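Subject: Structure for your review

Hello,

Please find the structure below.

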Amino acid sequence: MRAVAEQGIENAQTRTSLPKPPLPTLTGLFRKEKMIMDYRDTLNLPRTDFAMKANLTQREPQILKRWEKERLYERIQTAAGDRPLFVLHDGPPYANGNIHLGTAFNKILKDIILRSKRLAGFNAPYIPGWDCHGLPIEHNVDKELGDKKRTIPKLSKRRACRQYAEKWIKIQREQFKRLGVLGDWDNPYLTIAYDYEATIAREFNAFLLSGAVVRNRKPVYWCSTCTTALAEAEVEYHNHTSPSIYVKFPADDDLSDIDPALSGGKVFFLIWTTTPWTLPANLAVALHPELVYAAVAVDDEIWIMAKELVATVLATSGRTDGRIVATFGAKPFEQRSCRHPFVDRASLLVLADYVTVDAGTGCVHTAPGHGADDYQTGLRYGLEVLSPVDDEGRFTAEAGAYAGQQIPTVNRPICDDLAAAGRLAHENVVSHSYPHCWRCKKPVIYRATPQWFIAMEKNGLRDKALQAISEVAWIPSWGMQRIHSLVAARPDWCLSRQRSWGVPLTLVTCTACGEVVRSEELVANIDRLFQSEGADAWFSHDLADFLPPGTRCDSCGGDAFTKEEDILDVWFDSGVSHAAVCERRPELRSPADLYLEGTDQHRGWFQSSLLTSTGTRGRAPFKGVLTHGYVVDGQGKKMSKSVGNVVVPAEVIEEYGAEILRLWVASEDYRDDVKVSDEILRQVADTYRKIRNTIRYLLGNLGDFRPEMAVAVAELPELDRWVLTRFAELHQRIMEAYRRYEFHTVYHSLNSFCGTTLSALYLDIIKDRLYASAPDAPGRRAAQTVLFTILDGLLRLMSPILSFTAEEAWESLYGQGSRHEEEIHFVTAKPPPAVDFPPELDEKWSRLLKIRAEITKVLELARQQKEIGHSLEAAVELAAHGEPGEFLQRERTLLKEILIVSELGEFDPDSAPVGVRVVAEEMSWLSIQVRRSVGDKCARCWLRETSVGCDSHHPQLCHRCAEVVASLPEQA
């Protein structure tokens, strides 16, 4: 039946448009042929209140209000109480500013996972959280305070920071809820909650009592703008332009005993650096113990450098006359010395394995106060940890003539002075990746300051963490190698921050000798006050309120003590969430089944969580870790306000609705960077419309169907069993994709099944059955049975992603006001009914559909040549011999049904062509002829039949339609 084939699925009529749904084409036909009777009311046309236009931007807020009013999340959790538990632990975003698209992507991804787990039969709670301490919040509060930030009392500033965080928690909470993310939004976890702050202090004190917390003066990342130490996870790498200089260090000893070529007074060790400002802190020059070094004659000087780098250094410095006059190993130079190029002191010659020939000269400028490798070398050789730089990046008096000058502008006078003294061999500039502060985006320095650390080697922390990494499922798998290499190479964890906003380092030290007080009673007092007053108690109470009476130093016996004023690294705050949340919330457990964040968290939250858990519990806090890439623009470029390529979640929701944002998240393979653009979102919206229209069509044809009318699967026609078999495959593929967190597979599978298997094939074929048959005809009820089964299953499968649409369609299918067990949010996946469809039957249908595809090409050609208007005007004739011909003859009835043509017959290949005749492109054994059918068009079903006119009561109808119309009560 072709009436609605012309209309298309999108034009299926709604209940509100009855009883006279507009059918322009049919109406025109009736008028043209001067029909006495209007037969359109005798058709079983689609009728549904499920609107074609989604109106997501208006409909979604209404649904969200209902979810909140009906306490949907709470009811889901109550209903799932006896199901197996699945815990996805939420990594806390900063309570600082509006959410961006990357944050929205992350939250939607988590919601899809949790909904898919509920679909699979799990109890999957979601406790959202916020990170509320640290520099990002304090930085913005400082900007609001202006000059007051320098004079405001610490507790007042902390109060301002708390209020700032609470403001953004409220804003972000509504933004996350607008995405359709279900969770316990009324009871999130907050790192500023008193019990959470008490847990932070308790976990820190566990490290302290174990002896893992130490105080050292060693180089750490330092932001001179924010005047604080930074953790590695707080450092971002951006392109930066630096000076690139070769500097000559004169030999301080007579080196002729190593090689005669080194005699005389003009022997220099040539170093390369891109940080001239670190030269005042130079105390050594490092050589690699296994490299071959060369003495290179340049003018009247001898330059010592790695032999492998001679050609590169000479070319870079524009020297064409340099020549190697001797080669030797590095070991004889150990513990000899050269002279600092502008400070009156020696620089020790040392050996170090980290020296490479990838760049530079093979002689490495070494300043133990300004580099991690340099620091370790300094420890081995007993060098001073010299760092003549203050908190704001200015040189101290230890820098001599450069005292008071600012880094990095001091680079220029240092280079000028080197040149004037004849110690600068070459100067250039280099553009390279350089560490920047994550908050102010300014370049950072590596600077030795007294800080508190968790020692990675103490109590075997590094080895425990590396072992735990191997016991975790990492998705993608390369995540294991990434975090393994980071943990294996990371220095001790610098915990102290020279700021105001955060949980303090709850350390008490002896005023006389600096010994740390390690006391269980002290820890208990801290815990008691923090539980009742929060971390502010550390600053509002005198030390006597914490220290047990009569406390004396275990080292020197002193009775005077000092409280530490620094605060904890904010990564420690979030890193102990497994203890503060998973172990304390009754609906959760630890270790969690899954942590899910961006790939940058291998350096951040994943690592801090791993270290805090293995350091105190000997295991990882997670069983699995999933990471996703960054959200970038359509060309793969990082989003930037200056470039103008930033996509704002609120703007996408305002234009398309959150449902499109959710579908976009599912469409992307998050293992790589995730692309988004207006074009990509339009494509996703188009996919959504196709899926919605398919659902609407299914609903429209189920208006008069109830489950008790279903036809037994064994009695279904072959076509119906074929499509149920395809749906069973879809169900299995999607459930497996959910299990493997491969949501792009779900997206493409749904799109393909709705657009191709259903709309372009099965639904097109069964239209005649659905529309033109008697309402309760067995064939129509069989088709409705299939539509109902598929629709019920499709809505379940899509509900984790298209949550709003699935609910709307589910209510249309089953009726509003149903019991909660029948709501889409409470149902689990239901395997499709078992279908007896053996392999040989599947093979037959595969063959039929391939033949159909070839014939469809010829039908299209006939349309283009004006031989026919649409397929119902066509008579298709085939010519094939042997087994293929027998197959076509045997399956002629089925083939005619799936072709949707008026006639199907044979023709003699030797006869003159009639209409359009071709040999099939992919089947050389098959010839196809398409001509206009000779039958008259039935005014009701549009088939061309010779039986049209045989019924005197309905002369415009074919025999089948006349019988159906006669059987209808209103036509009796």
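In this predicted model, helices α25 and α26 cross with left-handed geometry. Helix α25 covers residues 778-798 and helix α26 residues 803-814; their axes come within 9 Å and cross at roughly 150°. Roughly antiparallel is the label for angles over 145 degrees, and α25 therefore runs roughly antiparallel to α26.

From α25, the residues that meet α26 are Phe788, Leu791, Asp792, Leu795, Arg796 and Met798. On the α26 side they meet Thr805, Ala806, Ala809, Trp810, Leu813 and Tyr814. Sorted by class, this contact has 9 nonpolar, 1 polar and 2 charged residues.

Helix α25 also has a contact with helix α23 (residues 743-765). Here the axes come within 13 Å, and the crossing angle is roughly 170°. This pair is therefore roughly antiparallel as well. Helix α23 contributes Leu750, Phe753, Cys754, Leu758, Tyr762 and Leu763, while α25 contributes Ala783, Val786, Leu787, Ile790, Leu794 and Met798. By class, the contact of α23 with α25 has 12 nonpolar residues, with no polar and no charged ones. Met798 of α25 is listed in the contact with α26 and in the contact with α23.

Next, the sheet. It is an open one of 4 strands, in the order β3-β25-β26-β19, with parallel pairing. The edge strands, each pairing on one side only, are β3 (88-89) and β19 (473-475). Helix α18 packs on this sheet and touches β3, β25 and β26. The direction of α18 makes about 145° with that of β25.

Last, a loop residue: is Gln601 buried or exposed? Gln601 sits in the loop between β25 (594-598) and α18 (605-617). Its relative accessibility is 13%; the cut-off for buried is under 20%, so Gln601 counts as buried. Setting aside neighbours within four places in sequence, Gln601 is in contact with Trp571, Phe606 and Gln607.

Regards

Definitions and conventions:
Residues are numbered from 1 along each chain as its sequence is written. This is a predicted model: local features need pLDDT of at least 70, side-chain atom pairs count only at pLDDT 80 or more; totals for chains, interfaces and linings use all residues. Side-chain values use heavy atoms; hydrogens and water are left out. Helices (H or I, at least four residues) and strands (E, at least two) are DSSP runs, numbered from the N terminus. Buried means under 20% relative accessible area, exposed over 50%, partly exposed in between (1.4 Å probe, protein chains only). Contact means heavy atoms within 4.5 Å. Two strands pair if DSSP finds at least two bridges between them. Axes are lines fitted to C-alpha atoms, for helices over the stretch in contact, and angles run from 0 to 180 degrees between N-to-C directions. Angles under 35 degrees count as roughly parallel, over 145 as roughly antiparallel, 65 to 115 as roughly perpendicular and the rest as oblique. A crossing is left-handed if the near helix is turned anticlockwise from the far one by less than a right angle, and right-handed if clockwise. Ala, Val, Leu, Ile, Met, Phe, Trp, Tyr, Cys and Pro count as nonpolar, Asp, Glu, Lys and Arg as charged, and the others, Gly among them, as polar.
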